[in-house]
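The report below describes packing, strand pairing and pockets in a structure. Please read it alongside the sequence and coordinates shown here.

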Amino acid sequence: MSASVPSSTARSPLGSFTADAFAAHLASLDGAPAWWLERKRAAYERFAALPLPARTDEAWRFSSLQGLTLDGFHVGTPAEATQADDRIPDLPAALARPDLAFTNNHLSARATTPRPAGVVVSTLTEAAASHPELLKAHFMAQPQKLGSEKFAALHAAFVRDGAFVYVPRGVELAGPIVIHHRVTGPATAIFPHTLVIAEENAKATVIDLFYADARLSLPGTAAALPHFACGANDLYAAHGAQLTYVGAQAWSYETLSLQLNSTVVRRDARVQSLNLHLGGRQSRHESLSQLQAPGALSEMLALTVADGSQEFDQRTLQIHQAPDTKSDLLYKNSLRQTAKTIFSGLIVVDPDAQRTDAYQSNRNLMLSEEAEANSLPGLEIQANDVRCTHGATSSRIDPEQEFYLQARGIPREAADKLLTFGFFEEVLNRLTDDELHAALRALIETQFE
Amino acid sequence: MSSLVIQDLHVTIGEKPIVKGLSLTINSGEVHAIMGPNGTGKSTLAKVIAGHPDYTVTGGDVLLDGESLLAKEADERARAGVFVAFQYPSEIPGVSIANFLRAAQQARMAEGEELDATAYYKRLYAKMDMLKIDRKFTSRSVNEGFSGGEKKRCEILQMAMLEPKFALMDETDSGLDIDALRIVADGVNTLRGPNLGVLMITHYQRLLNYIVPDFVHVMYDGRIVKSGDKTLALELEAKGYDWVKKELVTA
């Protein structure tokens, strides 16, 4: 019996990103190096050749494919970015002063923070001129293993600019590097990019904040602006490096968002990444951690506040490619109303990756009867001396805890909010920077106003 | 001057009657103790007055200053001035004591009114000093990983901050060693005064050595069967609960 495949005629495989649109994009790039243009052309060919995800794709199981349309958008232009402002109302101080701010993929503001010699906090276009070898070696260099080959190609084809952070050997940065990615104008498509390279024993914290104009100042009222965001952030931690990365996503509630992360962890290096998901109509986040040498540690954290009819789709892969490596994943989602989440996580242990220590946990707090949390944890272990644990739970507010708070005079709604924040705290507590912790908490608050 | 009046209260869990016609009046400034053997409905009494959803009131009423509490949600009762110190307080991971108490204070303010954080912390620290509680306590998650003594002190701190009209203390002495018991009793004695009515629910007499009650009631099989002054507690201690049971049978 042949399964009936839902008609996908409504979704064209190129959508708004036609050959003409690509040609116009290329024509708008001034002074880009030939190798960069060449890569973009190759990426566009891959994008055009690949089909949109189909119902039969395991990597897209449970995802709403109907909402995954590329039609009706246009590539963001500098003209729309003229009202660029490097500050957003109500943004917590720790996030309010960006080192680099991009509006519709164009640099719109930058701070001149004094940094130790050799530290680079620049744009991709600047890096293409100043550090071409580094960019060639690291830009979109990791494999796409989680289902979004087509979107990765689309990103590489249309990315105009983004952040390039390079921390040389032995340099430890005190404060975080903050990067804003802002989208403005109706039906705008943007391709935010952040590449972080931490060399041997370097130490840094990098924060990406993704937002649409009205999203933070007027929660719930920015719903009218549909956007398309197709971003990538790649992290590279060399021998002994310590990298903390925070990605805070606060797109408009009408945004289709795809964010692709790759993290490479070398010997004795540690990467901690925390992704906060607030905005978007449909948001997919793919995160790949490759533990490539002994002593490598990747801590993968995520918090999702799913509200209304939002869909958050998270796919993760922890690949242990060397012995004595460790990965620790904790993804927590809270779901209200008819929100939907998907977590699909896989731990892969290569045959010689003995003494791997891998942990994966997805916890869902169901705040509504109508919400839907899908969890697909997985293990693929080819070594024999490993410790791997994984688990997924979905639970409701504990009525005894709720009663206890009520018995102190706290109304039920406020009690549930307190308990929900308590649920998030396990993740936020992993951050060592208290100011950052408080800032992310404040950002989550905006979702509850 | 306030009063908490329990009138011929009947309570069931599911189909099972637990409290079977209990009446008791507590006025501001008074300390009452309810004693009784296990399974006699003492804890049910505290929880049902707090508004726990598992219990059903099938008859009678509970009045705070003449107004029935029974139709009110648990949070409304608390804001009206009823505080229950629980025997087994819930652990709330990720919610610090400071944030918890702040939310409880905020809930007592008018809509749109913002809590003065500086004044709040000043008051919190003053109460903690009074109860000899380390300030580091406030950043810990509510009751999470607390010892029995810490949990009870946390309850007393909440009571001190929320300044209820009536405090019902459910087996506050259970699971405490003598030092912890003394600390908790000191706390209650500190808070005792003309504006607070207290009902202590206990199985043992020993708590009453530290918090001396004005009235002692013996609860048995869902109702109060004997009332007296503090000497009743000593008599009970000497003769045991069987004495009450026998008296009931003879009666």
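## An enclosed helix in chain A

In this predicted model, nine of the ten residues of helix H6 (residues 149–158) of chain A are buried, so the helix is largely enclosed by the rest of the structure; buried means under 20% relative accessible area, exposed over 50% and partly exposed in between, with a 1.4 Å probe and protein chains only. Helices (H or I, at least four residues) and strands (E, at least two) are DSSP runs numbered from the N terminus. The buried residues of H6(A) include A:Lys150, A:Phe151, A:His155 and A:Phe158, and the buried residues of this helix pack against helix H1 (19–28), helix H2 (34–49), strand E1 (74–75), strand E8 (193–198), strand E10 (228–237) and strand E12 (256–265) of chain A, where contact means heavy atoms within 4.5 Å.

A:Ala34 is placed in helix H2 of chain A and is exposed, with a relative accessible area of 61%. The C-alpha atoms of A:Ala34 and A:Asp71, which lie 37 residues apart along the chain, are separated by 30 Å.

## Basis of the values

Residues are numbered from 1 along each chain as its sequence is written, while chains are lettered from A and ligands numbered from 1 in the order in which they are written. Because the model is predicted, local features need pLDDT of at least 70 and side-chain atom pairs count only at pLDDT 80 or more, whereas totals for chains, interfaces and linings use all residues; side-chain values use heavy atoms, with hydrogens and water left out.

## A buried strand and its partners

Seven of the seven residues of strand E6 (residues 177–183) of chain A are buried, so this strand is largely enclosed by the rest of the structure. In a regular strand the side chains alternate between the two faces of the sheet. In E6(A), A:Ile177, A:Ile179, A:His181 and A:Val183 point one way, and A:Val178, A:His180 and A:Arg182 point the other way.

Strand E2 (residues 100–103) of chain A runs parallel to E6(A) and is joined to it by four bridges, two strands being paired if DSSP finds at least two bridges between them. A:Leu100 has A:Ile179 as its bridge partner in E6(A). E6(A) also pairs with E9(A) in the parallel sense, over seven bridges, and A:Val178 stands opposite A:Ile207 in E9(A).

## The largest pocket

A pocket is found on a 1 Å grid over the protein atoms alone, as an open set of points where a 1.4 Å probe fits, with protein on both sides within 12 Å along at least five of seven lines, and its lining residues have an atom within 4 Å of a point. The largest pocket has a volume of about 1,400 Å³, and among its 40 lining residues A:Glu413, A:Ala414, A:Lys417, A:Leu418 and A:Glu445 lie nearest its centre. H9(A) gives the most to this lining, with eight residues.

How values were computed
Points joined across faces, edges and corners; volume = space filled by probe spheres on them.
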